[in-house]
Amino acid sequence: MSFQFRFDGETVRAENGQTIGAALIAAGRRSWRRTRVGGAPRGVFCGIGICFDCLVVVNGRPNNRACLVEAAPGDLVQTQEGAGHDDLAC
């Protein structure tokens with residue numbers, strides 16, 4: 001059974017049990033983040049949660065690895081800008 005979530009304001013279709021990263025790739029998105037230095041595009045690199053190339057914000061929470069987080073109906077997923085620690089700034 002399929003459902004939808006939102007990614008940067010666009011509707012993305014996902015299947016039950018599919019990760020956010022897999023759903024984004026299935027929708028034709030190969031990258032959704034940029035490196036801090038140089039702005040190189042990043043998406044799923046390792047696919048097993050060891051690297052941090054696929055980080056996204058899910059329902060307002062930063063630093064989620066898209067390759068590990070299972071998509072859920074109605075999720076609001078956003079491109080993560082920066083290190084995801086703005087709330088810790090002094």
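This is a predicted model: local features need pLDDT of at least 70, side-chain atom pairs count only at pLDDT 80 or more; totals for chains, interfaces and linings use all residues.
Visitor: Where do I start, and which pattern does the chain follow along the sequence?

Guide: Start with the secondary structure. The chain has one helix and seven strands. Read along the sequence, the order is β-β-α-β-β-β-β-β.

Visitor: Why does the radius of gyration agree with a compact globule?

Guide: Compare it with what the chain length predicts. For 90 residues, a compact globule would have a radius of gyration near 12 Å; the chain has 13 Å, so the two agree. Then look at the axes. The C-alpha trace spans about 45 × 25 × 20 Å along its principal axes.

Visitor: How much of the chain is buried?

Guide: Buried here means under 20% relative accessible area. By that cut-off, 34% of the 90 residues count as buried. The chain exposes about 5600 Å², and carbon and sulfur atoms supply 52% of that area.

Visitor: Which residues of the largest nonpolar core touch the most other members?

Guide: The core has 16 residues, and Phe5, Phe7, Ile20, Leu24, Trp32, Val56 and Val77 touch the most other members. Strand S1 (2-7), strand S2 (10-15), helix H1 (20-26) and strand S5 (55-58) each give two or more residues to this core.

Visitor: What is Val56 in contact with, leaving aside neighbours within four places in sequence?

Guide: Its partners include Phe7, Trp32 and Val77. Arg61, Pro62, Asn63, Asn64, Ala66, Gln78 and Gln80 are also in contact with Val56.

Visitor: How far apart are the mean positions of the positive and negative charges?

Guide: The chain has 10 positive and 9 negative charges, and their mean positions are 5 Å apart.

Methods:
Residues are numbered from 1 along each chain as its sequence is written. Side-chain values use heavy atoms; hydrogens and water are left out. Helices (H or I, at least four residues) and strands (E, at least two) are DSSP runs, numbered from the N terminus. The radius of gyration is taken over C-alpha atoms; the globule rule is 2.2 Å times the number of residues to the power 0.38. Buried means under 20% relative accessible area, exposed over 50%, partly exposed in between (1.4 Å probe, protein chains only). Accessible areas come from the Shrake-Rupley method with a 1.4 Å probe; for residues, only the protein chains shown count as cover. Lys and Arg count as positive and Asp and Glu as negative; His and the chain ends are not counted. The place of a charge is taken as NZ of Lys, CZ of Arg, CG of Asp or CD of Glu. A nonpolar core is a set of buried Ala, Val, Leu, Ile, Met, Phe, Trp, Tyr and Cys residues joined through side-chain atoms within 4.5 Å. Contact means heavy atoms within 4.5 Å.
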